[in-house]
Amino acid sequence: MSKVNLTNRKTIHIEWGDCDPAQIVFYPRYLAYFDACTTGLFQKAGLSKREMLKTYQIVGIPLVDLRVSFKSPSRFADTVIVESEITEWRRSSFCVHHRLFNKSVLAVECFEIRVWAVVSKTDPERIESKPVPREVVEMFSAGNNNRPVRQKPRRKKQ
């Protein structure tokens, strides 16, 4: 039996401000959509961005590699659906695959590599990668009930 990846679906209504003068989505807007979809994917797994930053002391999950294929335009007033999933976990990075559908037709496909990043211990002006915690990876498994990361239990006062 093949492993099923956690998938998030986000519906986006194309607004006037997303488009160029020809009323076609201006390509950088797709990257903003996909960034929001990555955040939505983590939320579906049970990790809000604020919680990730606080719990794991990361500065974020910056994009380090990107490949996008534009297959069909989306226009003002279209409603599109983006399906996002993490297709590979590496030691300190992971691959995100986004598929944007317009009227059930694959219009844009995007492959991202993102890094689990922290402030560098040797130079506080820089960031560096850190291994993705096993518990984070497990939150994206097929058996996940999409529960948030458990905080350490508080001691009861006596």
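Author: Helices and strands here are DSSP runs, numbered from the N terminus. The model is predicted.

Reader: Where does Gln23 lie in those terms?

Author: Gln23 is in the loop between β1 (7-13) and α1. Its phi is near 65°, a positive value in a residue other than glycine.

Reader: Why is Gln23 called partly exposed?

Author: Its relative accessibility is 35%. Buried means under 20% and exposed means over 50%, with partly exposed in between. Gln23 therefore counts as partly exposed.

Reader: What makes Lys103 count as exposed?

Author: Lys103 has 64% relative accessibility. The cut-off for exposed is over 50%, so Lys103 counts as exposed. The residue is found in the loop between β4 (93-102) and β5 (105-115). Lys103 also has a positive phi, about 55°, although it is not a glycine.

Reader: Why is Tyr27 called exposed?

Author: Tyr27 stands at 52%. Exposed means over 50%, so Tyr27 counts as exposed. Tyr27 is found in helix α1.

Reader: Which residues form a nonpolar patch on the surface?

Author: Phe26, Tyr27 and Phe70 form it. Together they have about 350 Å² of accessible area.

Reader: How many cavities does a search of the whole structure find?

Author: Two, counting those of 30 Å³ or more.

Reader: Which element gives the most to the lining of the largest cavity?

Author: Helix α1, with four residues. The elements that give two or more residues are α1 (27-45) and α2 (49-56). The lining includes Asp35, Phe42, Met52 and Arg114. By class, it has four nonpolar, three polar and three charged residues.

Conventions
Residues numbered from 1 in each chain as written. Predicted model: local features only at pLDDT ≥ 70, side-chain atom pairs only at ≥ 80, totals over all residues. Heavy atoms only, no water. 1 Å grid on protein atoms, 1.4 Å probe; cavity = no way out; pocket = protein on both sides within 12 Å on 5 of 7 lines; lining within 4 Å. Points joined across faces, edges and corners; volume = space filled by probe spheres on them. Nonpolar A, V, L, I, M, F, W, Y, C, P; charged D, E, K, R; others polar. Patch = residues over 30% accessible without salt bridge, like charges linked within 9 Å, V, L, I, M, F, W, Y side chains within 5 Å. Areas by Shrake-Rupley, 256 points an atom, 1.4 Å probe, with all protein chains shown as cover. Salt bridge = Lys/Arg side-chain N within 4 Å of Asp/Glu carboxyl O. Buried < 20%, exposed > 50% of the residue type's maximum accessible area, 1.4 Å probe, protein only.
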